[in-house]
Amino acid sequence: MAVYLATQIANHSANRAFAATVDLVAGKAELEVTSPHLPETSFPMVAATNGISAATPIVRGLVTFPDFPSEYLEILGIDVFTNAPFRTFDPASFDAGELDLLRWLGPPGSIALSEEFVARHHLKAGDKIRARLNVIDHNLRVGFILRSKGAPILDSHFAAMDIGWAQELFGRRGELSAIQLRLTNPRDRDNVVTELRKVLPKDSKVTAPAQRTEEVDKMLGGFELNLSAMSLVSLVVGMFLIYNTVSASVARRRHEIGILRSLGVTRLEVRALFLGEAIVLGLFGVVLGLVGGTLLARLLAGAVAETISSLYVLVNVKQVVLEPWSFAFAGTIGLGSVIVSAWLPAQAAANLEPVRALHGSFQEGALWNAFNPSSTWWWNGLLCLALAGSFSFLALSTGPPWLGFAAAFFVLASFSLLVPPLAFRFSAGAGKVFRALRRHRGKAAVEAELAAANLSRALMRNSVTIAALAAAVAMTVGVSVMVFSFRRTVEAWINDTLVADLFVAPASNEIVGPSSFIPPAAVHFLETHPAVETIDTFRDAELSMGAETIAVAVVRGSERRHFQFVRGNGAAIMRRFHDEVCVVVSEAFARHHHLRDGDSIELITPDGAGQFSVAGIFYDYTRDQGIAYMSERNFIRFWHDDRVNSVAVYLKQNASAEALSKAFRAGFSRNGEFVIFSNQSLRVRIFEIFDQTFAVTYVLLTIAVIVAITGIFLSLTILITERSRELAVLRAIGASAGQIRKLLLWETAMIGVLAALVGLASGVCLSLVLTGVINRAFFGWTIRLAFPWRSLAVTPLWIVAAALVAGLVPAWRAGRMILAENLRSE
Amino acid sequence: MKRTFFVRLNARPHERTVAASLCEARWLRCAAHPPCVGVASRVAATGLLLFASLCAAADWKIAEPGWRYEFPRDHHAHRDFKTEWWYFTGNIFDADGHRFGYELTFFRQGITPFAERDPKSSRFIVDDLKFAHFALTDVSKQTFRFEQKTSRGAFGEAGFDDGKRLAWIENWTLATNGDDAFDLMASSEAGTIHLHLRATKPPVVHGENGISVKAAAVRYASHYYSIPRMQTTGEFFANGKSHPFRGESWFDHEWASGQLAENQVGWDWICLQWEDGTELMLYQMRLENGEPDASSSGTWIAQNGETTHLRSSDFRMTPIAFWKSKASGAKYPISWRVTLAGQQTEFVVRAAVENQELALGPITYWEGAIDASGTRHGRAIKGRGYLELTGYAGPLRELSR
């Protein structure tokens with residue numbers, strides 16, 4: 001439960017961090033006008049539109065700092081004359097605490113920073129800091145402190161300066177990033193929007209700032225659902241454990257139950273007794289879980305935020321957001337799972353016949369041996385597997401995508417159901433083998449033979465332990481197969497698409513995404529260098545497609561870059577790409593927007609809507625939201641913008657990449673303004689990002705496995721307490737302490753082997769669901785299945801080893817038990 | 001010796017429409033650079049600007065002796081100087097004879113020296129801070145309203161000197177109308193006022209040799225002239241009705257790059273239009289020890305426009321009645337006995353309304369319509385005018401020495 005809670009908190013914190021960012025920027029705006037090139041002259045017209053009570057212009061941009069590696073600031077150019085009704089923060093002077101307006105408006109580069117940023121870099125009023133933008137260093141002067149107004153979260157990566165100087169800094173003379181608006185009457189919004197459209201450029205968007213948060217929430221939804229689902233595995237494993245614990249308690253206290261029942265306690269009351277106990281313990285566990293979850297959340301939040309930043313949007317989780325509802329929700333789920341898992345054992349306790357319960361010679365039987373693994377279990381298991389198959393099919397064909405998780409659940413359920421009959425068979429089979437061994441080689445395997453018999457005698461409880469461990473193993477196997485396949489697929493894709501020899505980009509883009517541009521002189525240098533055969537340019541643009549914003553990569557398009565198209569003749573598609581008004585879209589994009597080859601999409605250009613046909617659909621693993629590629633020629637033609645974010649360089653044969661890098665560095669990157677990746681180093685970088693993405697996944701998996709192994713330890717401890725009489729009898733009839741220990745370790749090993757085998761089998765099935773269904777359904781990625789055979793082969797070994805380690809202490813204690821005490825009741 | 005002054009440009013909560021602009025950014029503030037020890041300039045204006053401007057950067061032109069005044073040229077903006085204002089006050093009467101007082105002032109506070117401005121740079125860059133005060137006193141109802149406006153002026157909604165308009169912020173405007181006439185307009189929640197002012201006397205230059213000296217060192221000075229009497233007509237539009245007005249105004253225009261002297265805490269300024277066709281302007285800079293500064297001065301203007309410069313030794317101002325503001329707690333000397341021994345003149349001034357305080361923050365000041373009566377050369381004289389009192393509401397300067 002702690003894991004589940006932690007994941008929820010981490011996700012929520014990331015979302016809130018982003019929402020806080022939006023709140024901070026959008027302030028109290030009710031509408032926001034945005035456009036890639038919003039002319040500032042729109043502002044007076046917008047402000048004068050009927051129904052607008054206040055309007056303020058904004059210019060924003062990102063800068064990095066050569067002196068503070070990996071640090072960045074999002075600078076908001078604000079207009080203090082008009083933004084009072086919007087502001088959620090105040091720029092204040094360092095000493096006086098109020099804004100010195102003359103100084104705010106006055107010298108260029110005067111900037112207001114958060115207290116946290118100032119403290120982090122030991123800055124004081126008047127300090128100069130070098131900020132890098134579009135590979136040029138600018139001087140900023142620490143002039144003011146940003147104080148948040150009411151809103152508790154002030155992201156330290158935010159800074160503000162006067163809008164005039166911001167326009168100069170970002171080279172956006174004549175342009176605004178946004179106009180924020182408040183309405184005289186919020187119910188009049190639609191009319192106002194209609195009025196605004198009349199005065200605004202065609203490619204402007206008028207939206208409520210909250211919509212941006214919604215978009216991002218939607219975008220992050222799949223990713224976060226994945227994490228939640230994975231954290232639920234821990235919860236399921238935990239439920240198995242609770243079931244085991246309560247069952248053991250019922251078994252141990254059957255005598256007490258018998259007495260209670262004979263004294264007139266009703267079945268209902270017995271059930272209530274056990275459920276009540278479970279709930280009390282559960283409550284304790286829930287409290288522990290909440291505390292643990294909160295601690296764990298701090299660990300996860302950073303990882304989650306990093307993944308989100310590298311994949312989706314720049315977000316900085318400054319603090320973990322603890323919401324009462326997430327605690328309440330997690331607590332309810334925790335307690336709910338306690339009740340569900342304690343229900344069956346409590347029911348069994350209630351159903352005990354008082355006479356049988358009190359009968360002295362009563363052994364394990366009543367509860368455990370009463371169970372006979374009939375063929376029903378097989379059938380139920382297979383039914384679940386069939387259900388998993390059908391849900392997979394549905395998730396892919398009709399949706400909704402979360403049916404994929406249902407499929408994954410049924411895979412786990414199916415194998416859990418198969419555990420008892422499998423264990424029964426295994427016990428019988430192992431028994432036979434060991435008996436045969438004994439005949440041939442004497443008494444060597446008596447303990448093993450006994451252990452095999454014991455496995456089926458306490459079949460139900462053992463099955464639950466096995467199923468719990470198997471579920472954890474299955475998750476591990478499933479996810480590692482998925483990640484491995486993913487990696488292999490990406491590798492193959494990179495080999496095909498990442499063929500340039502050198503990649504050049506502004507260094508700041510490494511930190512804040514493609515926000516800086518390469519100066520034309522640098523592009524020209526690379527283009528005309530004698531060692532260069534050809535170059536390809538890359539521009540990351542966000543364009544409007546209807547009401548949506550989509551990612552568009554603008555490329556010059558080299559003949560040597562290969563798209564792998566899902567269908568069609570690649571060469572023909574590329575010819576169209578260069579010559580016609582069209583785009584090629586990624587598989588994920590096509591899936592998201594329900595596009596097929598030959599369909600067209602409507603993009604909003606500065607001159608109005610334009611139709612772009614889809615010339616082809618290609619495999620791509622860069623963005624789960626998908627991406628469209630457009631030729632540079634088309635982009636310049638419709639968007640009148642030829643800036644580029646990065647350049648890929650193809651060298652002539654035998655030309656030295658190192659020599660070209662050196663020459664470029666000497667000319668343009670003396671202070672590290674650019675990053676230059678060789679083909680090899682870019683691959684390494686891509687896989688760094690890839691691994692970072694799955695870091696959270698591994699954390700969650702490790703926790704699931706730890707929970708499962710703790711489960712083995714707990715189960716064995718209970719087992720020994722419960723079977724103390726039986727073990728004592730064994731000792732009394734001549735078994736040595738060593739033999740008892742051996743017996744127990746054999747049992748543990750068998751549990752481990754069974755769990756590993758079942759886990760592997762169900763893990764492989766799960767990996768099919770994860771790669772083939774969930775990834776396709778959520779992200780639209782085609783991943784070719786590949787198995788990490790070596791690590792799969794090792795899995796049973798470490799599971800058995802881990803099980804043995806967990807069994808060591810209980811076994812050792814069993815060897816040391818005091819005979820007389822345990823035999824007294826016999 | 002570093003010091004800092006504040007000027008708070010903020011209105012009362014209900015006046016927010018006006019002040020919304022300077023909004024929460026309420027402080028105008030500037031720290032003096034060590035070399036520029038200050039001098040206050042005049043006086044007439046609320047001098048907000050002077051407080052604000054404080055630093056006479058080397059890049060700004062300094063008011064120096066020998067300035068040759070030329071009109072209408074000097075009605076226009078002097079952008080080489082850091083600080084400038086156009087200051088109108090007047091006593092006007094409606095058709096029923098009810099008396100009103102008004103004040104409308106436009107301030108220009110230079111941020112970037114003129115030579116350093118880049119005409120191609122972002123239009124949002126503010127080279128001159130623009131703000132204005134408008135106050136209206138209803139003497140018969142004993143009420144007083146005041147407002148403030150400021151604007152970035154990025155889209156021409158505020159600015160200075162476009163040929164016809166000398167200064168404007170949205171719908172508050174000051175425009176020339178020929179060489180010796182001005183049109184004023186200002187709107188408030190209560191309504192809109194239009195005033196047409198025509199000079200009945202020529203401009204009067206204050207001080208000596210073209211500068212009004214503010215402190216011992218001559219270079220701390222301003223260029224300062226007044227049109228001491230302007231026939232005023234106009235209308236006040238409210239609730240769909242127009243109310244005509246008629247009366248007399250006083251116009252002050254002052255520009256400088258100087259500042260308030262360190263030991264000066266505020267000033268008292270009086271302008272009076274006597275019924276005999278003469279006028280008087282007096283100001284005294286008050287020192288920390290309560291004494292008037294020796295650089296205090298004034299001007300007596302004869303019927304024919306001839307002026308007599310008055311030095312601080314030529315007059316004495318003694319407070320005789322006080323009014324305590326509930327808003328700021330300040331105790332203002334709203335009534336004075338003034339003696340000009342050399343001119344055989346003695347008179348008393350009294351506020352037409354007690355509360356004419358512009359509660360605009362730390363430098364809250366009092367500026368309002370007054371009546372004066374006394375004797376000159378043995379004959380009774382009567383007049384009306386305006387009184388300005390600064391430095392009474394808490395410390396005028398917040399210093400960080």
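This is a predicted model: local features need pLDDT of at least 70, side-chain atom pairs count only at pLDDT 80 or more; totals for chains, interfaces and linings use all residues.
Residues are numbered from 1 along each chain as its sequence is written, and chains are lettered from A and ligands numbered from 1 in the order in which they are written.

The secondary structure of chain A comes to 27 helices and 19 strands, taken as DSSP runs numbered from the N terminus (H or I of at least four residues for helices, E of at least two for strands). Among contacts in chain A between residues at least 6 apart in sequence, 84% join residues at least 24 apart; a contact requires C-beta atoms, placed from the backbone, within 7 Å.

Strand E3 (residues 72–78) of chain A has seven of its seven residues buried. One side of E3(A) carries A:Tyr72, A:Glu74, A:Leu76 and A:Ile78, the other A:Leu73, A:Ile75 and A:Gly77, and all of these are buried. In the pairing of E3(A) with strand E2 (residues 52–64) of chain A, A:Gly61 stands opposite A:Ile75, while towards strand E8 (residues 158–162) of chain A, A:Glu74 has A:Phe158 as its bridge partner.

The table sets out strand pairs of both chains, two strands being paired if DSSP finds at least two bridges between them.

| Strand pair | Sense | Bridges |
|---|---|---|
| E2(A) and E3(A) | antiparallel | seven bridges |
| E3(A) and E8(A) | parallel | five bridges |
| E9(B) and E10(B) | antiparallel | four bridges |
| E10(B) and E11(B) | antiparallel | eight bridges |

In chain B, E9(B) and E10(B) form a hairpin with four residues between them, and B:Gly178 in the turn has a positive phi of about 85°; B:Leu174 is bridged to B:Leu184 in E10(B). E10(B) also forms a hairpin with E11(B), with two residues between them, and here B:Ala181 stands opposite B:Arg198.

Chain B averages a pLDDT of 80, and 80% of its residues score at least 70, pLDDT being the predictor's confidence in each residue, from 0 to 100. Residues 1–57 of chain B stay under 50, although the model has 191 contacts beyond four places in sequence for them. The pLDDT is also below 50 over residues 396–401 of chain B. For the complex, the predictor gives an ipTM of 0.78 and a pTM of 0.67.

Note on methods:
Two residues are in contact if their C-beta atoms, placed from the backbone, lie within 7 Å. A residue is buried if 20 or more other C-beta atoms lie within 10 Å of its own, exposed if 12 or fewer, and partly exposed in between; C-beta atoms are placed from the backbone.
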